[in-house]
Amino acid sequence: SAGAGGSIDPAGPQTVAHGADSTFEVIPLANYRIADIRVDGTLSVLIGTPGPGESQTYTFTGVDADHSIDATFQEAYTVTAGAGPNGSISPSGDNMVDAGNSIAFTITPDTGYEIDTVSVLPDPGFDGVLAGTTYTLNNVSTDYTVQVTFKKINYSLTWTINGGGSVTPATGTTYVFDDFLVLTASSDLGWNFVNWTGTDYTNLVDDSSDSTNIKNPTYGNTDVQANFAKIDYTLTIGVGSGGGSITAPTGAGPHTYVFDSNLAVEATPDPGYEFNGWTGIGEDNLEDKSLASTAIADPTYDDTDILANFAPIAYQIDASAGAGGSITPSGTVTPVTVESADQTFDVTADAGYEIDYVRVNGADQAAAVGLTAYSYTFVTGSITANQTIEAAFVPTVFQIDASAGAGGSITPSGTV
């Protein structure tokens, strides 16, 4: 006999000759499967796992007694699962599912891929559920076809900047594992690229290059930092002409600075000199090259090689003499500098006169008083201001001694 959902052929009681064989075919209807076959009330072992609509045969051999064969059937459907390239679905192929039951599929993308689509025909509506990489068909009531496709995962590039520069492509750009995405760091003026750091700098082909690639393959996001450092420019500084020294910056040098350091430079003249400007390659890098104390302008994007120049200060000596004598040279003697030869003045009294005083910058020269000739020398290396020398004369005083012998007189007598 056969239960609902199938039949046995031949059906009903069959007469079999003693010792003969008799074969029966158990035939399920479409969308039914053989649930079990019982022979003489005992469960018979099925051959394999017959699917919906798949029949099986059972043969009684050497019949020598009465027998019975009974079949029952279960409504069932076939769910056929397949996957496109770059992943798999399990179980795959044709899968038998009893009516009303569920079947779960595990979807496994290859590395660097993710599920793109899960197409199910016919549409199961809410009975089809994708949770992560598991797809479940609930309450199966018909045959289904499940097909999975895969796509490359979009990873994200994010970056930050330390210093002065920019990066392309934009932060937030996406890439797939085998894109070999180019990453370029561009320095601002006055800056140099140093390296890439950050959580994922090892994803880069060369973390020391300003133009590099995300490695192929890279299976993850990339978060990096581009580092830039200010360029060190060189200041070479010295003394050109004249007498003076560099008082800032200190030390032998050469010195370094960055474009916005506004490095101070200062030159100090020696006594008797004055500052006469900065010259050299990069003199225009200074805020004011005419000032002894200035700075390298902010910004400055190159080296500076300059000299401080000094010029001797020109002083004058005013020489004058009163009546009764002369001074040579007389009048204004100029220029007198620290680099000039020493200057000597000769003071000479006229006949019948002598020197009353010689005053240098208002100070009397005691040694000159009463002389008819005197010389004074200005040591020019020590002159730090205008000078004066003046001479005055007085008539020389003589005496007459008058005396008379006995018998007369002389008037006036004595010392006149």
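Student: Does Leu189 count as buried or exposed?
Tutor: This is a predicted model, in which local features need pLDDT of at least 70, side-chain atom pairs count only at pLDDT 80 or more, and totals for chains, interfaces and linings use all residues. Residues are numbered from 1 along each chain as its sequence is written, and side-chain values use heavy atoms, with hydrogens and water left out. Relative accessible area is under 20% for buried residues, over 50% for exposed ones and in between for partly exposed ones (1.4 Å probe, protein chains only). Leu189 has a relative accessibility of 59%, so it counts as exposed.

Student: Which residues is Leu189 in contact with, leaving aside its neighbours within four places in sequence?
Tutor: Leu189 belongs to the loop between strand E17 (182-187) and E18; strands (E, at least two residues) and helices (H or I, at least four) are DSSP runs, numbered from the N terminus. Contact means heavy atoms within 4.5 Å. With neighbours within four places in sequence set aside, the partners of Leu189 are Phe259 and Tyr301.

Student: How far apart in space are Leu189 and Phe60, C-alpha to C-alpha?
Tutor: Along the sequence, 129 residues separate Leu189 and Phe60. From C-alpha to C-alpha, the distance between Leu189 and Phe60 is 98 Å.

Student: What separates the C-alpha atoms of Asp206 and Leu291?
Tutor: Asp206 sits in the loop between strand E18 (191-197) and E19. Its relative accessible area is 33%, so Asp206 is partly exposed, and beyond its neighbours within four places in sequence it contacts Trp196 and Thr212. Leu291 is 85 residues from Asp206 along the chain, and the distance between their C-alpha atoms is 49 Å.

Student: Which backbone oxygen does the side chain of Asn213 reach?
Tutor: Asn213 is part of strand E19 (residues 211-213), and it is buried because its relative accessible area is 16%. Not counting residues up to four places away in sequence, Asn213 touches Phe180, Leu181, Val182, Asn203, Leu204 and Val205. A polar contact is a pair of N or O atoms within 3.5 Å; within protein, one must be able to donate a hydrogen and the other to accept it, and residues adjacent in sequence count only if both atoms are side-chain atoms. At 3.0 Å, the side chain of Asn213 reaches the backbone oxygen of Phe180.

Student: How far is a polar atom of the side chain of Thr300 from the backbone oxygen of Ala297?
Tutor: Thr300 is in the loop between E26 and E27, and its relative accessibility of 5% is why it counts as buried. Apart from neighbours within four places in sequence, Thr300 contacts Tyr233, Tyr257, Phe259 and Asn285. The distance from a polar atom of the Thr300 side chain to the backbone oxygen of Ala297 is 2.6 Å.

Student: What is omega for the cis peptide bond that joins Thr328 and Pro329?
Tutor: Pro329 is located in the loop between strand E29 (325-328) and strand E30 (331-336). The bond from Thr328 to Pro329 is cis, and its omega is about -10°.

Student: What is the positive phi of Asn139?
Tutor: The loop between strand E12 (134-137) and E13 contains Asn139. With a relative accessible area of 44%, Asn139 is partly exposed. Asn139 is not a glycine, yet its phi is positive, at about 50°.

Student: How many residues lining the largest pocket are charged?
Tutor: On a 1 Å grid over the protein atoms alone, a pocket is an open set of points where a 1.4 Å probe fits, with protein on both sides within 12 Å along at least five of seven lines, and lining residues have an atom within 4 Å of a point. The lining has 19 residues, with Pro13, Gln14, Phe24, His67 and Ser68 nearest the centre of the pocket. Ala, Val, Leu, Ile, Met, Phe, Trp, Tyr, Cys and Pro count as nonpolar, Asp, Glu, Lys and Arg as charged, and the others, Gly among them, as polar. By class, 11 lining residues are nonpolar and 7 polar, and the number charged is 1.
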